[in-house]
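Please open the model in your viewer and keep the selection tool at hand.

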Amino acid sequence: MIPRPGEVSLAHNGLLFLDELPEFPRNVLEVLRQPLEDGTVSIARASMSLTFPARFMLAAAMNPCPCGFHNDRTRDCQCTPPMIQRYISKISGPLMDRIDIHIDVPAVNYKEMRSGAEPEGSATIRARVIRARQKQLDRFASSHQKLYCNAQMSSRHIRTFCELSADCERLLERAMTQQGLSARAHDRILKVARTVADLEDAANLEPKHIAEAIQYRSLDRTYWA
């Protein structure tokens with residue numbers, strides 16, 4: 001039987017959304033590590049070897065525990081610490097290391113739902129994102145390697161386009177040491193910080209951009225340390 005592209009390859013140049021991430025078998029999740037790193041899926045058979053493109057944006061959602069109420073201030077969690085650990089451990093640290101942004105989303109309370117404050121409009125956000133993407137296209141226009149966004153930067157590009165001031169260096173070094181972050185996390189923090197700066201239309205990386213990018217990696221240290 002000739003291998004056919006699966007969901008990962010079908011999401012090439014698009015978005016792959018995985019809901020209830022820990023409910024997937026761990027061996028299936030571990031297979032995501034190669035395409036997240038290389039942008040390809042390789043399949044080897046006795047008679048052939050195939051490579052499918054798989055450069056996609058991964059978005060995933062999960063509960064903090066099996067019942068969903070761990071750290072919820074309004075409801076009691078019924079899970080024991082071993083139950084929570086077994087649930088969380090379905091997702092490995094190396095897989096989390098390859099995800100750029102981890103955000104804890106608390107439940108929205110009644111007052112927030114009924115608030116009359118007008119949120120920022122989607123059209124405004126879209127315009128800001130388009131400006132940031134154009135900024136990135138202009139940045140990489142002279143690069144020999146075809147790049148379209150900050151996420152595709154290699155270590156060489158990071159050294160070129162993510163120059164750090166002394167304050168930024170100290171902040172990043174402290175985070176790396178205190179949180180035990182990996183070299184892969186170091187590069188991903190700088191890519192995210194560069195994007196945060198682009199969204200603000202800032203020419204240089206500032207400590208606030210580094211701090212925001214570091215904050216987006218707090219969950220893997222909380223649960224997978």
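Begin with the second largest pocket, which has a volume of about 280 Å³. A pocket here is an open set of points on a 1 Å grid over the protein atoms alone, where a 1.4 Å probe fits, with protein on both sides within 12 Å along at least five of seven lines, and its lining residues have an atom within 4 Å of a point. The volume is the space filled by probe spheres set on the points, which are joined across faces, edges and corners.

Before selecting anything, note that this is a predicted model, in which local features need pLDDT of at least 70 and side-chain atom pairs count only at pLDDT 80 or more, while totals for chains, interfaces and linings use all residues. Residues are numbered from 1 along each chain as its sequence is written, and side-chain values use heavy atoms, with hydrogens and water left out.

Now select G6, E7, V8, V31 and L32, which lie nearest the centre of the second largest pocket, out of 17 residues that line this pocket. Its lining takes two or more residues from each of α1 (7-10), β1 (15-18), α2 (26-30) and β2 (40-44), where helices (H or I, at least four residues) and strands (E, at least two) are DSSP runs numbered from the N terminus. The largest share, three residues, comes from α1. By class, the lining has 13 nonpolar, two polar and two charged residues, counting Ala, Val, Leu, Ile, Met, Phe, Trp, Tyr, Cys and Pro as nonpolar, Asp, Glu, Lys and Arg as charged, and the others, Gly among them, as polar.

Next, select helix α7 (residues 122-139) together with helix α10 (residues 183-199), whose axes come within 8 Å and cross at roughly 120°; axes are lines fitted to C-alpha atoms, for helices over the stretch in contact, and angles run from 0 to 180 degrees between N-to-C directions. The two helices, α7 and α10, are therefore oblique to each other, since angles under 35 degrees count as roughly parallel, over 145 as roughly antiparallel, 65 to 115 as roughly perpendicular and the rest as oblique. To see where they touch (heavy atoms within 4.5 Å), show R128, V129, A132, K135, Q136 and R139 in α7 against R194, T195, D198 and L199 in α10. This contact of α7 with α10 has three nonpolar, two polar and five charged residues.
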